Amino acid sequence: MKLRVDQGRAEKYPCELVLLFSFDSPQDWEGPIRRIDAEWKGFLSDLMKEGDFKGELCQCELLYTHGALPAKRVLLAGLGKKEEFDLEKWRGASAKAGSYIRDSGLKQFVFPITKMGDFSEDQLADAFVTGLMLGVYQFKELKTLGRDKFKEIEEGIVLGETAEETKSIRDGLRWGKTISEEVCIARDLVNSPGNKVTPTVLAEKARQISKEHRMEVQVLEVSEAEALGMGAFVAVAKGSQEPAKFITLEYNKGKAYNTIALVGKGITFDSGGLSLKPSDGMHRMKDDMSGAAAVLAVMEAAARMALPLHLVGIIPATENLPSGKAYKPGDVLKTLSGQTVEVISTDAEGRLVLADALAYSLRYKPDAILDIATLTGACVIALGDYVSGIMGNDEGLLKRVEEASQKTGERVWRLPLWDEYFDYLKSDTADFKNVGTRAGGTIIGGIFLSKFVEKTPWVHVDIAGPAHIEKERPYIPRGGTGVGVRLLFQLLRDWTC
Ligand code: BES
Ligand code: ZN
Ligand code: ZN
C-alpha cells in the first residue's frame, strides 16, 4: 500500500472512496464530514437520526454517492464516545476501517484528517497509519495456494486543507509509516518458521541493515564466541547443526551521544534441548527470536529516523536442540562475566545466552541496557497474552519504559526484583543455577539476568505472552505481533526530550 499526503478538500476530490470518521454524536460534526453532509443534502445526518449508523466504535458503513460527490463511495466509520477517545482507540478504528476497505476489494481511499480531541494532526496522522498498516498486515510469503484471495489496498491519500496542516500530517505520517514498516519486518521474521529464519538469516538481515544505513556490524562465529569466553552462549549452541551467530549492530559509533544497548533473545527454535518440551505447542517456539526481531527492527527504525543516540544492538542467535553434543542438565558453564552457572534445565536457555550478551554489552559502557526476550512461560501465566513483564534495577529507566508503554499502547507491568528471590538460584556447585522454582518464574529469570549487568541501569522486558497471539486484536492480526518494536522505539525517540 502506497501512502501519501495531498492538499485539498474531500468534497471536491475525485476518488474511489472517502473515509469519514464520526463519534456517536453528529452535532459535533465539523470540517469535511459536515461539508460532505451539506453537499449531500443531509444524507449522512439522516442516517444517524434514523439509527442506521450509530457511530459506535469500529462500526463501518459503506455508501455509494451516486454522483452527489466527486468520490464514488463514502465509508462512514464509528469512533464511539467522544469523551472516551484516545490514540489507542483511534489506532483500532483506523485498522478496522482499513480492513473493511481492503476486504471490500477497494484499491484506493482518501482520508481527510481533522483535529480530534486534544490531539494534533501529526499525532493523529502517525496513529492513523500505525493502526492502518498494522491492521491490514498479512503474512502470505509461504502460501502457494489461494494467493489471489489476499486483497490489498494500493493507495491511501491523507488530505490536509492548508499548507501548514499538510506539512504537519506529512511529518506524522513519516514517523508512523517508518515504525509500522519496521513492526511488519519484525512480524515477518517471527512468523517465518525455524527452517527459514536461522541464526545465519538473522545475521544476514543485520548485515543488510548495516549496509543500507551505514552501521557497524559484527557477526561472531561460535569459535570466536568461545575464544572470548562466552561459555553460556556456546553451550546452548552445542546441540545444533545450524551454525549459531553472535550479532552486534552499532549505530552512530564514535558520536558523542548517549549509548544505549538493546539486547534481543535470538533463539530461532527452542525445543527445550535435552530438557525437551512437550510436543503440544512446540511449533510455537519458532517465535523464540521475537526479541531479536524487535532489536533488528528498532535499530533500522532509529537509523531511518536519524535518532541522535549511539545504539548497540546485540543478538545472541542460536537454536536450542538436543543431540549427542548438546549441553546437559548438571553441566557447569563459565559465562563471559566470569561467573559460573549450573544448568538445571536446558530449557532455561534464554537467560544463558542473554547472560553473555548482557555482559558483552558492558564493553560499550552503555548509559542504559534494555533486553527483550520471550523468556518465561510463567510471564504468560502471570500477565496473560497482551502484557509484557518488566523488571529492572533503575527507577528512571523503568519509568521511561512505562511512559513509552502508555504512548504506544504496548502494555507492560512491573514485577519486583527483591534480593530474597536470589535464594532460589543458589547452587551447590556453581555461583548460581539457571532455574529456581516454578513459582515466581518470571522474577527469578529477571534476577538471574540482573547478575550480568553490574551497576548499569537496565530493564528486562519479558514478551513471552504478547510475542504471538492466537486471537486477533484491533490492529494486531493473529500470529507474530512485533511487540516491543514500537515500545522501544518510542523510548529512544523520547530519550533526549
Ligand atoms: N522460550 C521459553 C519461554 C516461553 C514459553 C516463551 C512459552 C513463550 C511461551 C523459554 O526458553 C523457556 O522454555 N523457559 C522455561 C524456563 C524454566 C525452565 C525455568 C519455562 O518458561 O518453562
Ligand atoms: Zn527454553
Ligand atoms: Zn526459549
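The buried residues of helix H6 pack against helix H5, strand E7 (216–220), strand E8 (245–251), strand E10 (266–270), helix H9 and strand E11 (310–320), where contact means heavy atoms within 4.5 Å, and where helices (H or I, at least four residues) and strands (E, at least two) are DSSP runs numbered from the N terminus. The model is a predicted one, in which local features need pLDDT of at least 70 and side-chain atom pairs count only at pLDDT 80 or more, whereas totals for chains, interfaces and linings use all residues. Residues are numbered from 1 along each chain as its sequence is written, chains are lettered from A and ligands numbered from 1 in the order in which they are written, and side-chain values use heavy atoms, with hydrogens and water left out.

Helix H6 comprises 14 residues, 199–212, and its first and last C-alpha atoms lie 20 Å apart, close to the 20 Å expected at 1.5 Å a residue, the expected span being 1.5 Å times one less than the number of residues. Within H6, Pro199, Leu202, Ala203, Lys205, Ala206, Ile209 and Ser210 are buried. These residues are on the same side of H6 because they cover an arc of only 155 degrees around the axis, the arc being that of the directions from the helix axis to the C-beta atoms. Lys211 and Glu212, on the other side of H6, are exposed; here buried means under 20% relative accessible area, exposed over 50%, and partly exposed in between, with a 1.4 Å probe and protein chains only.

Most residues other than glycine have a negative phi. Arg214 counts as exposed because its relative accessibility is 77%. A positive phi, of about 65 degrees, is also found at Asn252, which is not a glycine and is placed in the loop between E8 and strand E9 (259–264). Asn252 counts as buried, because its relative accessibility is 12%.

In helix H12 (residues 395–408), Ser405 counts as buried because its relative accessibility is 9%. When residues up to four places away in sequence are not counted, Ser405 touches Glu410, Arg411, Val412 and Leu487.

Two cavities of 30 Å³ or more were counted. On a 1 Å grid over the protein atoms alone, a cavity is a set of points where a 1.4 Å probe fits but cannot get out, and lining residues have an atom within 4 Å of a point; grid points are joined across faces, edges and corners, and a volume is the space filled by probe spheres set on the points. The largest cavity holds about 190 Å³ of space, and of the 18 residues that line it, Gly409, Glu410, Arg473, Ile476 and Val483 are the closest to its centre. The lining of the largest cavity consists of eight nonpolar, three polar and seven charged residues, where Ala, Val, Leu, Ile, Met, Phe, Trp, Tyr, Cys and Pro count as nonpolar, Asp, Glu, Lys and Arg as charged, and the others, Gly among them, as polar.

The second largest cavity holds about 30 Å³ of space and is lined by Ala186, Val190, Ser290, Ala293, Ala294, Ala467, Thr481, Gly482 and Val483. Helices H5 (163–191) and H9 (290–304) each supply at least two residues of this lining, to which H9 gives the most, with three residues. By class, the lining of the second largest cavity has six nonpolar and three polar residues, and no charged ones.

Notes. On a 1 Å grid over the protein atoms alone, a cavity is a set of points where a 1.4 Å probe fits but cannot get out, and a pocket is an open set with protein on both sides within 12 Å along at least five of seven lines; lining residues have an atom within 4 Å of a point.
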